[in-house]
Amino acid sequence: MMDDQPARPNADAETAFKASGGALLRDIWYVAMTAGELRAGKLHKRMYLGEPVVMGRNPDGSPFALRDICPHRAVPLSAGQLLDGSGGGQTVECPYHGWRFGTADGVCKHIPSLVEGQPFDLEKITVRRYAVAEQDDLIWIYMPSEPGAEPSGPPPRFERMVHHQGASEGRVKFVETAELACQMDHAVIGLLDPAHTPFVHKSPLWRSSKTLKEKEKHYAPSEMGFTMLSHEPVNSPLYTWVLGPGVKVEIQFLLPGLRAESITTERHSFLGLAAITPIRDDLCEIREIMYWNAPSLDLIRPFARPFTHTFLQQDARIMKLQGEGLSHDPPLMQIPDADTLMVWYRRLKREWIKAGAEGREFENPVKPATLRWRT
Ligand code: FES
Ligand SMILES: [Fe+2]
């Protein structure tokens with residue numbers, strides 16, 4: 001199989017990496033937004049994996065997510081309003097005929113046009129509800145393969161890093177978002193790809209494409225992905241200057257598209273979480289979410305926004321350019337070792353889909369490995 005031999009550039013038709021990308025993963029948690037974005041008292045119109053979703057907060061502050069289509073005649077509920085139910089919980093009122101649905105359960109609570117003698121079982125009218133969770137200052141949404149299917153566990157945590165030494169409470173210190181006009185797989189592969197950095201992300205903070213250096217990184221499988229094992233960063237003096245001595249870096253990748261870079265020192269920690277969420281088949285959202293407990297980073301926060309914005313727009317630009325070529329559905333290549341992470345991603349994805357279809361536990365297909373490249 002091609003995946004086991006990344007050196008072979010030409011795949012047979014069956015295993016070729018399709019320019020159009022693969023299926024979007026289901027039965028898995030996605031980052032919907034940061035907790036701060038989901039303001040109380042407001043309806044938020046969103047789309048995830050091509051499904052229209054209306055989100056908001058219940059009176060107790062907990063998040064809710066419902067299908068953004070009124071079951072009566074399909075008007076988006078997000079165009080309606082939130083109402084405090086008399087006696088019951090909060091409802092969302094459809095702007096067309098005023099039907100009201102409980103935000104906590106999606107069940108119809110009221111149909112204004114009904115008169116006495118028109119018995120109607122409101123309980124039977126429901127809007128699809130999505131499981132949502134608020135964790136580490138993020139709102140997560142579970143996208144099931146079967147409507148109504150519930151998650152078997154909470155969203156992934158990066159507890160060890162976010163709550164490093166108990167000094168941080170998992171509060172998002174900084175977030176920057178960008179849209180990537182591409183299929184999810186290409187966005188994730190772009191995120192994992194070590195070889196594009198000196199060419200796409202030219203920055204005075206790291207090496208340019210003219211002074212590439214050989215790197216060797218050690219990887220191990222994790223529960224739902226793989227981890228670049230803890231090591232001293234190449235730019236150690238810079239990190240030491242900002243965070244103090246004893247700098248260690250660890251980078252985790254987790255399905256469906258989460259990359260968590262943890263930088264820890266003797267006293268401080270930083271977590272940069274890049275989360276890719278598909279809006280539709282041809283559009284994704286990427287969030288760079290940062291947590292830290294180092295006061296020195298509070299000082300440089302004002303500079304983080306333009307820097308991160310530029311960084312994400314560089315990726316957005318290259319994804320758009322790639323889309324030009326991909327629209328012709330060309331065969332694609334992969335080489336050792338710089339493209340191996342992409343091979344692992346595709347292998348993980350295939351196993352996730354297969355395990356789901358066969359109703360069995362996911363078995364991580366990635367094996368421990370040392371990879372080398374020049375970047
Ligand atoms: S379309 Fe929503 S109440 Fe009629
Ligand atoms: Fe990039």
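Two strands pair if DSSP finds at least two bridges between them. The legends below use pairing in that sense, and the model they describe is predicted.

**Figure 1. Overview of the protein chain.** The predicted model has six helices and 18 strands in its protein chain. The chain is 375 residues long, and 33% of them count as buried. Among the contacts with a separation of 6 or more, 57% are between residues 24 or more positions apart.

**Figure 2. The hairpin of β14 and β15.** Strands β14 and β15 form a hairpin, with three residues between them. Their pairing is antiparallel and extends over seven bridges. One of the residues of this pairing is L254, whose bridge partner in β15 is L258.

**Figure 3. The open sheet of eight strands.** The strands of this sheet follow the order β11-β17-β16-β15-β14-β13-β12-β18, and their pairing is antiparallel. Strands β11 (174–180) and β18 (369–374) stand at the edges; each has a single partner strand, so one side of each has no neighbour in the sheet. From one strand to the next, the twist averages 20°. Strands of a sheet pair through backbone hydrogen bonds, either parallel or antiparallel.

Figure 4. On β14, antiparallel pairing with strand β13 (residues 225–231) involves five bridges. Here H231 has V249 in β14 as its bridge partner. On β15, strand β15 (residues 258–264) pairs with strand β16 (residues 269–280) over seven bridges, again in the antiparallel sense. The bridge partner of R259 in β16 is A274.

**Figure 5. The open sheet of three strands.** The order in this sheet is β1-β10-β9, with antiparallel pairing. Its edge strands, β1 (28–34) and β9 (132–135), each pair on one side only. The twist averages 30° from one strand to the next. Strand β9 and strand β10 (residues 138–143) run antiparallel and are joined by four bridges. In this pairing, E134 stands opposite I139 in β10.

**Figure 6. The largest nonpolar core.** This core has 73 residues. The residues with the most contacts inside the core are Y30, A32, W140, I141, A187 and I276. Helix α6 (residues 340–358) gives the most to the core, contributing seven residues. At least three residues of the core come from each of domain 1 (40–129) and domain 2 (158–374). In soluble globular proteins, nonpolar side chains tend to be buried together.

**Figure 7. The surroundings of A32.** A32 is among the residues with the most contacts inside the largest nonpolar core. Apart from its neighbours within four places in sequence, A32 is in contact with R46, Y48, M55, I139, W140, I141 and T277.

**Figure 8. A79 in its loop.** The loop between β4 (63–67) and β5 (81–84) contains A79. Is A79 buried or partly exposed? A residue counts as buried if 20 or more other C-beta atoms lie within 10 Å of its own, and as exposed if 12 or fewer do. A79 has 14 within 10 Å, so A79 is partly exposed. V54 is 25 residues from A79 along the chain, and the C-alpha atoms of the two are separated by 9.3 Å.

Note on methods
Residues are numbered from 1 along each chain as its sequence is written. Chains are lettered from A and ligands numbered from 1 in the order in which they are written. This is a predicted model: local features need pLDDT of at least 70, side-chain atom pairs count only at pLDDT 80 or more; totals for chains, interfaces and linings use all residues. Helices (H or I, at least four residues) and strands (E, at least two) are DSSP runs, numbered from the N terminus. Axes are lines fitted to C-alpha atoms, for helices over the stretch in contact, and angles run from 0 to 180 degrees between N-to-C directions. Two residues are in contact if their C-beta atoms, placed from the backbone, lie within 7 Å. A nonpolar core is a set of buried Ala, Val, Leu, Ile, Met, Phe, Trp, Tyr and Cys residues joined through C-beta atoms within 7 Å. Domain bounds come from an automatic or database domain assignment.
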